[in-house]
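I opened my notebook to go through one protein model.

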Amino acid sequence: MNTSMWASALCAGGAAWLIGRRNHEARRAHSLFASEVSHPPRPRPWHRIVAAGRGRVGHEWWCLAAGAVVSLLGESVVPLVVGAAGVPVAARVRRARDAGRERERRGEAVIALCGEIAGEVRAGRQPGESLRLALDGSDAGVGSGAARSAVLAAAQFGGDVPEALRQAAKEPGADGLLGLAACWRVAVDRGAGLAAGLERLEAALRAERDQRSDLRAQLAGARSTAVMLAGLPVLGLLMGSALGAEPLRVLLHTGAGLACLAAGGVLECAGVWWALRIVRGAEDR
């Protein structure tokens, strides 16, 4: 009986606390929104420092932080050295991931560019004007500033637009601009319909993008399995520490432990590299 009374009192107190907190947060939000209109808040100095640090410090430095923590727990400098060595590797992985995202974004922009030019041509505008309006209205996926400027100049002043598009297609993810250049060349030389060709090109690029997305989704399970298997040794260390076996002392302060750690690290890196290489090879096909 006493237990049920205490449980009821605890639940009632928690509900009252949640209701009061919600009302307090609502009043605080109302006061903030009311004062924000007349007096916009100024960013604090430490907010600016944190924002600048987020832009300059990458996630790869967590490897060094994790190595420092394990080094303190294991009373050895080996994890710190390994963490420091993992920083450039993690940075390279991050740059490759960012480059892949930029490549996908540029491919999406090329598809949107084809649709916008086709729409402008269907509306009765000239091809050069349509290209210029499409480039001015969005990022358009033409690549770097120099390539974008070259395409804009060719479209505005009657230059060689297909050649400018072929040069811009050298940017990663902008391969679809080669098809746009071919459609442009056929439409100018033979008088074919540019809008119809661009619509077919847009449909083909969308189908290719969807196919890559489906393949990436199918391979996500294999990639996740490889990463999960790579984390099993860490789970083993945690279980050994929980059982009182002191695995860090054995690995970091004995000759046999250091040999096992080195061999295991090499095999672990080789296994992860090989599994991810297989996945990337399947994605590139």
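These entries follow the order in which I looked things up.

**Entry 1: the overall plan**

I note at the start that this is a predicted model. I asked how many helices and strands the protein has. I found 12 helices and 0 strands. Read from the N terminus on, the elements run α-α-α-α-α-α-α-α-α-α-α-α.

Next I looked up burial. Buried residues make up 23% of the 285 residues.

**Entry 2: the largest nonpolar core**

Which residues touch the most other members of the largest nonpolar core? I wrote down Leu113, Ile117, Leu131, Leu177, Leu180 and Leu198. The core has 32 residues.

Then I looked up the elements behind it. Those that give two or more residues are α4 (78-122), α5 (127-137), α6 (145-157), α7 (161-168), α8 (176-190) and α9 (194-230). The largest share comes from α4, with 7 residues.

I turned to pairs of helices. Two packed helices are described by the angle between their axes and the distance between the axes. So I looked up both values for each pair.

Helix α3 covers residues 61-74. It packs with α4 at an angle of about 170°, and the axes are 7 Å apart. An angle over 145 degrees counts as roughly antiparallel, so α3 is roughly antiparallel to α4.

Which residues meet here? From α3 I listed Trp61, Cys63, Leu64, Gly67, Ala68, Val70 and Ser71. From α4 I listed Pro79, Leu80, Gly83, Ala84, Gly86, Val87 and Ala90. By class, this contact has 10 nonpolar, 4 polar and no charged residues.

**Entry 3: α6 against α7**

I looked up a second pair. Helices α6 and α7 pack at an angle of about 170°, with axes 9 Å apart. That makes α6 roughly antiparallel to α7.

On the α6 side, the contact is made by Ala147, Ala150, Val151, Ala154 and Ala155. On the α7 side, I noted Val161, Ala164, Leu165 and Ala168. What classes do these residues belong to? I counted 9 nonpolar, no polar and no charged residues.

**Entry 4: residues with a positive phi**

Most residues other than glycine have a negative phi.

Glu75 has a positive phi of about 55°, although it is not a glycine. Where is Glu75 found? I located Glu75 in the loop between α3 and α4. Its relative accessible area is 66%, so Glu75 is exposed.

Glu246 also goes into this entry. Its phi is near 55°, a positive value in a residue other than glycine. I located Glu246 in the loop between α10 (232-242) and α11 (247-253). Glu246 has a relative accessible area of 44%, so I wrote it down as partly exposed.

**Entry 5: cysteines**

A disulfide is a covalent bond between the sulfur atoms of two cysteines. How many disulfides are there? The count comes to 0.

Are Cys260 and Cys269 buried or exposed? Over 50% relative accessible area counts as exposed. Cys260 has 54%, so Cys260 is exposed. Cys269 has 54% too, so Cys269 also counts as exposed.

Definitions and conventions. Residues numbered from 1 in each chain as written. Predicted model: local features only at pLDDT ≥ 70, side-chain atom pairs only at ≥ 80, totals over all residues. Heavy atoms only, no water. Core = buried A, V, L, I, M, F, W, Y, C linked by side-chain atoms within 4.5 Å. Buried < 20%, exposed > 50% of the residue type's maximum accessible area, 1.4 Å probe, protein only. Helix = DSSP H or I, 4+ residues; strand = E, 2+ residues; numbered from the N terminus. Axes fitted to C-alpha atoms, helices over the stretch in contact; angles between N-to-C directions. Parallel < 35°, antiparallel > 145°, perpendicular 65-115°, else oblique. Contact = heavy atoms within 4.5 Å. Nonpolar A, V, L, I, M, F, W, Y, C, P; charged D, E, K, R; others polar. Disulfide = S-S within 2.5 Å.
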